[in-house]
Amino acid sequence: MQPGREDKKDNDLFFTCSLIDYIGRKTKNPRALVVNALGKRRLEKIYELADVYHSDNLDRVSDDFIREAGISQGDFDNVGDCGYAIPSHWDIGKVYKRLIKMAAQAEGGEIIDTLIAVYNSFISPKIDDYNSSVYYENPSYLLEAYREGRML
């Protein structure tokens, strides 16, 4: 690892979270539904092969996982409902990456188990409400709110 660069596994987690958001936007589904449909085995595969998937076409990669996991179209449109500047799937991927990494370190958990827990917690719909300010809150605040099970 070069100085000033993130660890490879941090980048892999970033891509995994960004892909989850991309699939959620594409299928108009809450991110927890996407995570649960993908399941632990597929999430581990995405995380492990993120550097390969990252260099491929994101539409093709997402279409493959949507089809493989049987994710159907929903009606959750947090992008269309947003009345302000819309964060990119990369922006949201970074928010989740930081939270998941910090939560895994704080709780001594595995990354994918923590990812599943975070996306299935109360905080995921809060982060995904782009009309609120939660997605750009301080990462330490998001961690403490997640650990407390409520916004502080």
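Which residues in H2 meet Phe65, Glu68 and Ala69 in H4? They are Ala37, Leu38, Arg41, Arg42, Lys45 and Ile46, where contact means heavy atoms within 4.5 Å. This is a predicted model, in which local features need pLDDT of at least 70, side-chain atom pairs count only at pLDDT 80 or more, and totals for chains, interfaces and linings use all residues. Residues are numbered from 1 along each chain as its sequence is written, and side-chain values use heavy atoms, with hydrogens and water left out.

**Helix packing**

- Helices here are DSSP runs (H or I, at least four residues), numbered from the N terminus.
- Helix H2 (residues 31-48) and helix H4 (residues 58-69) have axes that come within 10 Å and cross at roughly 140°. Axes are lines fitted to C-alpha atoms, for helices over the stretch in contact, and angles run from 0 to 180 degrees between N-to-C directions.
- The H2 and H4 crossing is right-handed; a crossing has that hand if the near helix is turned clockwise from the far one by less than a right angle, and is left-handed if anticlockwise.
- By class, the contact of H2 with H4 has 5 nonpolar, no polar and 4 charged residues. Ala, Val, Leu, Ile, Met, Phe, Trp, Tyr, Cys and Pro count as nonpolar, Asp, Glu, Lys and Arg as charged, and the others, Gly among them, as polar.
- Helix H1 (residues 8-27) packs with H6 at an angle of about 35°, and their axes are 12 Å apart. H1 passes H6 in a right-handed crossing.
- From H1, Leu13, Thr16, Cys17 and Ile20 meet Ile111, Leu115 and Tyr119 in H6. By class, this contact of H1 with H6 has 6 nonpolar, 1 polar and no charged residues.

**Aromatic rings**

- Rings of Phe, Tyr and Trp (its six-membered ring) pair if their centres lie within 6.5 Å; planes under 30 degrees apart count as stacked, over 60 as edge-to-face and the rest as tilted. By this rule, the count is 6 aromatic pairs.
- Tyr53 and Phe65 form an edge-to-face pair, because their ring centres are 5.4 Å apart and their planes stand at 85°. The pair links distant parts of the chain, with Tyr53 in helix H3 (residues 50-54) and Phe65 in helix H4, 12 residues apart.
- Both Tyr53 and Phe65 are buried; buried means under 20% relative accessible area, exposed over 50%, and partly exposed in between (1.4 Å probe, protein chains only).
- Tyr135 and Tyr136 are also edge-to-face, with centres 5.3 Å apart and planes at 85°. Tyr135 is buried at a relative accessible area of 15%, whereas Tyr136 is exposed at 59%.
- Phe14, Phe15 and Trp90 form one aromatic cluster.
- The charged end of Lys9 sits over the ring of Tyr47, 4.1 Å from its centre. The rule asks for NZ of Lys or CZ of Arg within 6 Å of the ring centre and within 35 degrees of the ring normal.

**Ile112**

- Ile112 lies in helix H6 (residues 111-119) and is buried, with a relative accessible area of 6%.
- Leaving out residues up to four places away in sequence, Ile112 touches Lys40, Leu43, Glu44 and Tyr47.
- Ile112 and Thr16 are 96 residues apart along the chain, and their C-alpha atoms are separated by 9.9 Å.

**Lys28**

- Lys28 is in the loop between H1 and H2 and is partly exposed, with a relative accessible area of 30%.
- Phi of Lys28 is near 55°, a positive value in a residue other than glycine. Most residues other than glycine have a negative phi.

How values were computed. Helices (H or I, at least four residues) and strands (E, at least two) are DSSP runs, numbered from the N terminus.
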